[in-house]
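Subject: Structure for your study

Dear colleague,

Please find the sequence and the structure below. A description of what was found follows them.

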Amino acid sequence: MPQQNQVDVKEIEAILSEILSSRVPPVARCRLLSSGLSSGHTLDVTEELGGVKACLACGNCIDICPVLVREPHRRQKTQQRTSMALESLVPEDCDRCYACILVCPQVDTTIKYYIVNNYMIEVMSRLEGRIGSEGEPDLDLFLEEALSQV
Amino acid sequence: MDFTIPEELKMLQTLARDFVKEKLLPLERELLGQDGDPHRKLQLPRETEENLIKMVKGMGLWGLGLPEELGGVGLSTLGICLVEEELAKTIVPFNFGDVTPLLFDGNEKQREYYLFPVLGKRRQAHIALLEPGKGTDLANMQTRAEKVADGYLLNGIKISLSPINGDDFAIVFAFTNPDAGVRGGVTCFLVDRSTPGFTVVNNGRKDEGQTLPAKPVSLIFNDCLVPPENMLGEEGKAFHLGSKWLPQRRIIRGARCIGAATRLLEASTEYAKTWERFGRPITSWLSVQAALAEIAADVQASRLMVHYAAWKADRGELVSRETAMVKLLTTQMLARAADRAVHIHGGPIYADELPLERLCQNAVVNSALERAMELQRTIIISDLLKGIGR
């Protein structure tokens, strides 16, 4: 959970770059690099949740992940809404869109700013490259074919 | 820049226009007056259809869209668009030998047993892609094809919108490897209706009459063993079938929208010229004039866009962006034209026996698929982001 004094990205830039270039959902590791939950903005039972940097199981990362949106059947494997569940549902097929990081309440805003400023252009070109490329079939054409059949 | 349609295509257009005017339009009244069900699907009586096919074959226009390498006419996309625009001006369900391009990728034997009989209207193909209750979520398809010693064991339920026609077969999309996802794990099979384990359930449809309720047919596969030679294309590559021809089909559907909108425009103009309110023809009303002018401008803009996309496709250029734009614009254009036509007519066109009601119904159905529209916007945006300034 972002605190007043958040992690300085310069100090973790090398490891962050390593994390962001892997094909595994990066949110959990970014959370662990963040400043964590503060007693200032939590309930008294925070400690019992299992550590200040624990995943809150808010499910934001699960909901925003484009891989799970495209292939909803993956979600049938578990009801869990944690970042660990995300990593097991999207093992090595991550689109590296970093949306999970941006929606995670436990990741520091500094990390989010850093990603938006330094990685988003790359992300957009990578994602738009997926659409309409010659190797990627347009499923809608097949739906149109089935619906217009007489 | 030359906007002239080549002379031979112009002749073809005139031929199709005359055919629609003389042979198809007179059938509309008869077809619409047959049944009381407003949601029925129109179907020509077999004898009438056979006569019409004979005529078209005589004109040498049967199988317009079939590529030359498969023994067809191999007409250009622009030529097909011109013909389809004319055919869409009527609600009579008739085409000049339209076959799904999914079958074009079959091997020689498959073409012999499936493609050519479909073209000759001797067999009926059901595209078994959609599943009950799944909508357009193809990734969640439940039909599975398990590899066994003698071939593939199919299990699942599909729905088809095509009518039943005795000697049917299904083009079935099934997961052979669910882990590879929808783009790499789905395989296509050709399954004859006589195959054990394949049942076609007629959901209360009438096949004897001239009309059909819109309810789809269920295709049930229960441990249906399909031999490996009935696989269409390669394993796991079902969604790569017909890739050479499918994008052009989107442009052709755009041309159909233009045909329907042109008919709406003609009918609305005719109505406005003859109908009087408060003692003067409604053409003198500014709102009616504006509605007519806007339909006309919309139709013209869409036609130019369709012709440009078709011209580009015929040059062998990549047209994914153009086809997306065509679909987006023409679908919305037809819905707008139907809406304006309704206003010119002074209210909803509820009279079941009018062709206009059917045209408006179809227009609304086309525009209802907002998800599909969203996809077209995504394709267009994708090109814009790449910085392709065309």
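Helices (H or I, at least four residues) and strands (E, at least two) are DSSP runs, numbered from the N terminus. This is a predicted model in which local features need pLDDT of at least 70 and side-chain atom pairs count only at pLDDT 80 or more, while totals for chains, interfaces and linings use all residues. Residues are numbered from 1 along each chain as its sequence is written, chains are lettered from A and ligands numbered from 1 in the order in which they are written, and side-chain values use heavy atoms, with hydrogens and water left out.

The two chains

Chain A contains 9 helices and 0 strands, and its pattern along the sequence reads α-α-α-α-α-α-α-α-α. Of its 150 residues, 41% are buried; buried means under 20% relative accessible area, exposed over 50%, and partly exposed in between, computed with a 1.4 Å probe on protein chains only. Contact means heavy atoms within 4.5 Å. Among the contacts in chain A with a separation of 6 or more, 66% are between residues 24 or more positions apart.

The mean for chain A is 80, and 79% of its residues reach 70 or more. Within chain A, helix 6 (residues 99–103) has the highest confidence, at a mean of 93, and helix 8 (residues 120–130) the lowest, at 72. Where pLDDT is low, the predicted coordinates should not be read in detail.

Chain B has 11 helices and 12 strands. Buried residues account for 51% of its 390 residues. Of the contacts in chain B between residues at least 6 apart in sequence, 74% join residues at least 24 apart.

Axes are lines fitted to C-alpha atoms, for helices over the stretch in contact, and angles run from 0 to 180 degrees between N-to-C directions. Angles under 35 degrees count as roughly parallel, over 145 as roughly antiparallel, 65 to 115 as roughly perpendicular and the rest as oblique. A crossing is left-handed if the near helix is turned anticlockwise from the far one by less than a right angle, and right-handed if clockwise.

How do helix 7 and helix 9 of chain B lie relative to each other, parallel or antiparallel? The axes of helix 7 (residues 246–274) and helix 9 (residues 320–344) of chain B cross at roughly 15 degrees and come within 9 Å, and the two helices are therefore roughly parallel. Their crossing is left-handed. Among the residues that make the contact are B:Gly254, B:Ala261 and B:Leu264 of helix 7 of chain B, and B:Thr330, B:Leu334 and B:Ala338 of helix 9 of chain B. By class, this contact has 17 nonpolar, 5 polar and 2 charged residues. Here Ala, Val, Leu, Ile, Met, Phe, Trp, Tyr, Cys and Pro count as nonpolar, Asp, Glu, Lys and Arg as charged, and the others, Gly among them, as polar.

Helix 1 (residues 7–24) and helix 3 (residues 46–59) of chain B pack with their axes 12 Å apart, at an angle of about 160 degrees. These two helices are therefore roughly antiparallel, and their crossing is right-handed. Helix 1 of chain B contributes B:Leu15, B:Phe19, B:Lys23 and B:Leu24 to the contact, and helix 3 of chain B contributes B:Leu52, B:Met55, B:Val56 and B:Met59. These residues divide into 7 nonpolar, no polar and 1 charged.

Individual residues of chain B

B:Phe104 is in the loop between helix 4 (77–87) and helix 5 (108–119) of chain B. B:Phe104 is buried, because its relative accessible area is 4%. Apart from neighbours within four places in sequence, its contacts include B:Leu66, B:Pro67, B:Arg111 and B:Trp245. B:Trp245 is 141 residues from B:Phe104 along the chain, and their C-alpha atoms are separated by 8.8 Å.

B:Glu85 belongs to helix 4 of chain B and counts as buried, at 4% relative accessibility. Not counting residues up to four places away in sequence, B:Glu85 touches residues including B:Ile258, B:Arg303 and B:His307.

B:Lys121 lies in the loop between helix 5 and strand 2 (124–128) of chain B and is partly exposed at 33% relative accessibility. B:Asp223 lies in strand 9 (residues 217–226) of chain B and is partly exposed, with a relative accessible area of 46%.

Yours sincerely

Notes: pLDDT is the predictor's confidence in each residue, from 0 to 100.
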